[in-house]
Amino acid sequence: MTVQGVPEWIGISGAGALGAVVGSFLNVVIHRLPLGQSLVHPPSHCPRCGARVRPHHNLPVIGWLLLGGRCRDCREPISPRYPLVEALTAVLAAGWWARAESALAFGVYFVFLAGLVAVTFIDLDHKIIPDSLSLGGVVLGMAASFLLPLGWKDSLVGAAAGGGILAAVAYGYEAVTGREGMGFGDVKLLAAIGAFLGWQAVLFTVFVSSVTGSVVGLAAIAMGGRDLRFEVPFGPFLALGAVVYLFFGPELVRWYFGLLP
Ligand SMILES: [Zn+2]
């Protein structure tokens, strides 16, 4: 995105810094939201010795590097996932700044991306997708669509398609096998993706997430030698599909149809 009077590299760097700071907050969300804890109190502290994190060590990524990945007081290792989430959010924000067509689109879809990062790691940890993120995303996506080129009709159809397709698959699977194969958290997440991006994104996301999910699932079974059907959470793959669509979807769809005679 080019903003008048602002060189693009400054915009991209600023977005990256914003992403790192938001990523730092997402670590708190990922850690506390599934446990029902407050996101603001108490301030960040070491889970072992309770020492408060000093302000300069709270700097995204850099703080962790300064500390050598350990608590300053008790030397308890701090998971490298903290700086990873911060770096990932920074990269997504910087990349999205470069792709976004307006400041509004940047803001709305940056919130969307941040939500997907939180969903991914919460689902990996707990195999759940909190309703506050998925259903909250449906509401936010539909509200934002009134202001975006997407429009409220495409958003509504997208949310219905997302919820409907996966709900049908989930009910069908359960009816046939008598087991729950797909969580309804995934259904609600796909509805949120549809609300933000429209129904084409829903089809695209289902395609990308099924392919990548199957590849990873089969690789896990091959390596672990056990049945992981119910152990691989699907949320991260849905999030991946949505991110790919947000960044490259229109080009990929055009390229795909260009291959047809
Ligand atoms: Zn400590």
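How far apart do the C-alpha centres of domain 1 and domain 2 lie?

## Model and overall build

The C-alpha centres of domain 1 and domain 2 lie 27 Å apart, where domain 1 covers residues 1–99 and domain 2 covers 129–261 of the protein chain, with bounds from an automatic or database domain assignment. This is a predicted model, in which local features need pLDDT of at least 70 and side-chain atom pairs count only at pLDDT 80 or more, while totals for chains, interfaces and linings use all residues. Residues are numbered from 1 along each chain as its sequence is written.

The protein chain holds nine helices and zero strands, helices being DSSP runs of H or I with at least four residues and strands runs of E with at least two, numbered from the N terminus. The C-alpha trace spans about 60 × 55 × 35 Å along its principal axes.

## Packing of H5 and H7

Helix H5 (residues 131–145) and helix H7 (residues 184–197) pack at an angle of about 20 degrees, their axes being 8 Å apart; axes are lines fitted to C-alpha atoms over the stretch in contact, and angles run from 0 to 180 degrees between N-to-C directions. H5 and H7 are therefore roughly parallel to each other, a term for angles under 35 degrees, with over 145 counted as roughly antiparallel, 65 to 115 as roughly perpendicular and the rest as oblique.

Residues of H5 including Asp-131, Leu-135 and Met-142 meet residues of H7 including Lys-188, Ala-192 and Phe-196, contact being defined by C-beta atoms, placed from the backbone, within 7 Å.

## Packing of H7 and H9

H7 also packs with helix H9 (residues 235–259), at an angle of about 10 degrees and with axes 10 Å apart, which makes H7 roughly parallel to H9. Among the residues that make this contact are Leu-189, Ile-193 and Leu-197 of H7, together with Leu-238, Ala-242 and Tyr-245 of H9.

## The loop between H1 and H2

The peptide bond from His-41 to Pro-42 is cis, with omega near -10 degrees, and Pro-42 is found in the loop between helix H1 (8–32) and helix H2 (62–66). Val-61 is likewise found in the loop between H1 and H2, and has a positive phi of about 55 degrees although it is not a glycine.

Technical notes:
Contact = placed C-beta atoms within 7 Å.
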